Amino acid sequence: AVFDGADFSNGVIDRAYFKGASFKGAIFNNAVLSGTSFDEADLTDADFTDAYLGQFDQKRLCKNPKLVGENPKTGTPTRASAGCPE
């Protein structure tokens, strides 16, 4: 699935499975993402500012090698917005 540039702000995306999906430039501001899997998803330039991720989910998200870049609309660094260590 391709969700490039989509705005999921304030959305509830609970227990979704997005293996291999593309989220380039997507915005997840203040979204609920508990139990959601982004395995092998392209998260280049995505913004996760204030998104709710469980601790286990956040650790898995931070291991995604395509969690890179900076969102073109918000200017927010992707890894930092997801709460990942640099």
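Modeller: Happy to. Bear in mind that this is a predicted model. One place to begin is a salt bridge between the side chains of Asp-14 and Arg-15, with N to O at 2.5 Å.

Biologist: Are those two buried or exposed?

Modeller: Asp-14 is partly exposed, because its relative accessible area is 36%. Arg-15 comes out at 65%, so Arg-15 counts as exposed.

Biologist: How many salt bridges does the count come to?

Modeller: The count is 4 salt bridges. Among them is Lys-19 with Glu-40, where the closest N and O atoms are 3.8 Å apart. Both residues lie in the segment before helix 1 (55–62), so this pair ties together parts that are 21 residues apart in sequence.

Biologist: And how accessible are Lys-19 and Glu-40?

Modeller: Lys-19 is partly exposed at 47% relative accessibility, while Glu-40 is exposed at 58%.

Biologist: What does Asp-39 meet in a salt bridge?

Modeller: Asp-39 meets Arg-60, at 2.8 Å from N to O. Asp-39 sits in the segment before helix 1 and Arg-60 in helix 1 itself, so the pair ties together parts 21 residues apart in sequence. Asp-39 is partly exposed at 30%, and Arg-60 is partly exposed at 31%.

Biologist: OK, switching to the greasy side. How many residues are in the largest nonpolar core?

Modeller: That core has 22 residues. Those with the most contacts inside it include Phe-23, Phe-28, Phe-48 and Leu-61.

Biologist: Tell me about Phe-28. What is Phe-28 in contact with, leaving aside its neighbours within four places in sequence?

Modeller: The list includes Phe-8, Ile-13, Leu-33, Phe-38 and Ala-51, along with Asp-47 and Thr-49. Phe-28 is buried, with a relative accessible area of 0%.

Biologist: Lots of Phe there! How many aromatic pairs are there?

Modeller: There are 12 aromatic pairs. In one of them, the ring centres of Phe-23 and Phe-28 are 5.6 Å apart and the planes are at 55°, so this pair is tilted. Phe-23 is buried too, at 0% relative accessible area.

Biologist: What about Phe-28 and Phe-48, how do their rings sit?

Modeller: Their centres are 4.8 Å apart with the planes at 10°, so they count as stacked. Both lie in the segment before helix 1, so the pair ties together parts 20 residues apart in sequence. Phe-28 and Phe-48 are both buried.

Biologist: Which residues do the ring pairs link into a cluster?

Modeller: The cluster consists of Phe-3, Phe-8, Phe-18, Phe-23, Phe-28, Phe-38 and Phe-48.

Key
Residues are numbered from 1 along each chain as its sequence is written. This is a predicted model: local features need pLDDT of at least 70, side-chain atom pairs count only at pLDDT 80 or more; totals for chains, interfaces and linings use all residues. Side-chain values use heavy atoms; hydrogens and water are left out. A nonpolar core is a set of buried Ala, Val, Leu, Ile, Met, Phe, Trp, Tyr and Cys residues joined through side-chain atoms within 4.5 Å. Buried means under 20% relative accessible area, exposed over 50%, partly exposed in between (1.4 Å probe, protein chains only). Contact means heavy atoms within 4.5 Å. Helices (H or I, at least four residues) and strands (E, at least two) are DSSP runs, numbered from the N terminus. Rings of Phe, Tyr and Trp (its six-membered ring) pair if their centres lie within 6.5 Å; planes under 30 degrees apart count as stacked, over 60 as edge-to-face and the rest as tilted.
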